[in-house]
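Subject: Structure handover

Hello,

Please find the structure below, followed by notes on what turned up in it.

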Amino acid sequence: MNAAADASGPIIVIDDDQTMRRACEAALRRSGYQVETFPDGASGLERAKEVRPGVLITDLKMPGMSGIEVIHHVKEIDPDIVVVVITGFATVDTAVEAMKGGAYDFIPKPFTADELRVIIRRAVERHRLSMEAKRLRVEKEAQARKFVTFVSHQLQSPLGAVQQYLEVLLHQMGSEIPEKHRQWIDRSSKKIAEMLKIIADWLTFSKVEGGTLATERKLLRWQDLAAETLESFVTTAVEKQVTLVNEVPDDLPSIIGDESALRMLLSNLVSNAIKYNRAAGRVTVAAEADERVVRLSVTDTGIGIAADQLPHVFEEFYRVKDGSTVGTGGTGMGLAICKKIAEELGGDMRVTSEPGAGSTFTVVLPREGIQTNAPSKLN
Ligand SMILES: Nc1ncnc2c1ncn2[C@@H]1O[C@H](COP(=O)(O)OP(=O)(O)OP(=O)(O)O)[C@@H](O)[C@H]1O
Ligand SMILES: [Mg+2]
């Protein structure tokens with residue numbers, strides 16, 4: 001089989017010596033590889049960013065950007081690019097340094113076309129294998145998730161049935177039941193309710209992930225969604241002695257989205273803002289718009305989130321690990337679901353927080369009439 005068949009994209013060669021560039025190009029082309037050559041690190045890296053080559057060859061000693069720096073930048077662009085360095089006899093030490101920096105192999109000068117080909121064939125094979133391993137990993141993960149979803153789904157009915165039996169048992173035994181037994185049944189029932197919530201959250205999450213939850217596209221008024229959501233939390237807020245404030249302006253432009261998914265998103269945010277608040281605290285829902293997006297924010301005066309935890313709060317099953325969530329109950333799926341819903345609707349989620357002072361979670365969505373497939377551009 002032609003080795004070139006396994007190469008992904010062109011091989012990029014960076015060398016300030018024109019004779020060397022030509023020699024490499026000729027030798028590799030003869031083996032059927034596509035080759036692009038560059039006289040310096042900057043131009044070679046620019047191209048690497050565009051084409052993401054499987055293999056990149058760089059000279060070590062060059063004026064301007066050195067080969068070691070090139071390797072460093074290549075690894076930032078894509079750690080899967082396999083780098084081979086060309087080095088003079090006197091610089092074996094530097095070659096070792098290059099290998100430590102992430103180069104896969106080195107070719108000492110002078111070398112023959114055959115020597116170059118052997119090393120590059122190995123590098124191409126290495127890249128192919130790491131791509132294959134990556135693909136298998138992704139496939140395996142997808143299968144594992146599918147399995148979890150299937151098992152979760154199957155557990156729902158039996159768990160629901162057990163919960164009902166416990167309720168019937170409590171009811172039938174009435175006042176004759178010893179207090180201790182009543183406590184045991186209550187505890188079992190609570191545990192089952194927790195399991196059912198994890199299952200329901202997981203199933204919701206995999207639905208949004210699979211693109212089957214936020215499917216409707218309807219013109220919606222945030223004002224109505226915010227008012228109705230806050231209304232549904234009045235009792236919880238009173239219990240926690242938290243005041244709910246609606247500051248969504250009446251002239252806010254409409255958004256386009258899935259009503260029940262957005263209700264779920266907003267409910268998760270308000271629920272958190274109450275749950276992680278303090279007594280006599282406040283939860284404020286506000287909004288603003290510019291010509292492209294509508295930003296809806298939920299601000300609380302609660303416990304806040306430490307800066308090192310902040311990047312993780314949108315991850316599945318993540319709960320802050322500093323003791324602040326003790327006794328609050330939750331599966332850590334609420335925000336992961338929020339983020340997926342926002343992304344599904346062409347938007348995104350943001351968070352800012354100050355420990356001890358409070359947090360603001362913001363949903364950014366394209367406003368009415370704006371079509372976008374690039375959520376990352378919204379801010
Ligand atoms: N408004 C907030 N203030 C402080 N911490 C918060 C706030 N919202 C979320 N968090 C932190 O982020 C974590 C993840 O939130 P998320 O809503 O995903 O899960 P949860 O509230 O723990 O459980 P549930 O799945 O029931 O919503 C929480 O456990 C909490 O530590
Ligand atoms: Mg939550």
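The space that ligand 1 takes up is the largest pocket. A pocket here is an open set of points on a 1 Å grid over the protein atoms alone, where a 1.4 Å probe fits, with protein on both sides within 12 Å along at least five of seven lines; a molecule sits in one if more than half of its atoms lie within 2 Å of its grid points.

This is a predicted model, in which local features need pLDDT of at least 70 and side-chain atom pairs pLDDT 80 or more, while totals for chains, interfaces and linings use all residues. Residues are numbered from 1 along each chain as its sequence is written, chains are lettered from A and ligands numbered from 1 in the order in which they are written, and side-chain values use heavy atoms, without hydrogens and water.

Around ligand 1 there are 22 residues, each with a heavy atom within 4 Å of it. Among the closest are Asn-272, Tyr-276 and Arg-319. Nine residues of the shell are nonpolar, eight polar and five charged (Ala, Val, Leu, Ile, Met, Phe, Trp, Tyr, Cys and Pro count as nonpolar, Asp, Glu, Lys and Arg as charged, the others as polar). Helix 6 (179-209), helix 9 (259-275), helix 10 (334-344) and strand 12 (358-366) each supply at least two residues of this shell. Helices (H or I, at least four residues) and strands (E, at least two) are DSSP runs, numbered from the N terminus.

Polar contacts are pairs of N or O atoms within 3.5 Å. Asn-272 places a polar side-chain atom 2.8 Å from an oxygen atom of ligand 1, and Asp-300 places one 2.8 Å from a nitrogen atom of the ligand. Alone, ligand 1 exposes 590 Å², of which the protein buries 97% (Shrake-Rupley method, 1.4 Å probe).

As for the backbone, a cis peptide bond joins Lys-109 and Pro-110, with omega about -5 degrees. Pro-110 lies in the loop between strand 5 (105-108) and helix 5 (113-173).

Regards

Technical notes
A polar contact is a pair of N or O atoms within 3.5 Å; within protein, one must be able to donate a hydrogen and the other to accept it, and residues adjacent in sequence count only if both atoms are side-chain atoms. On a 1 Å grid over the protein atoms alone, a cavity is a set of points where a 1.4 Å probe fits but cannot get out, and a pocket is an open set with protein on both sides within 12 Å along at least five of seven lines; lining residues have an atom within 4 Å of a point.
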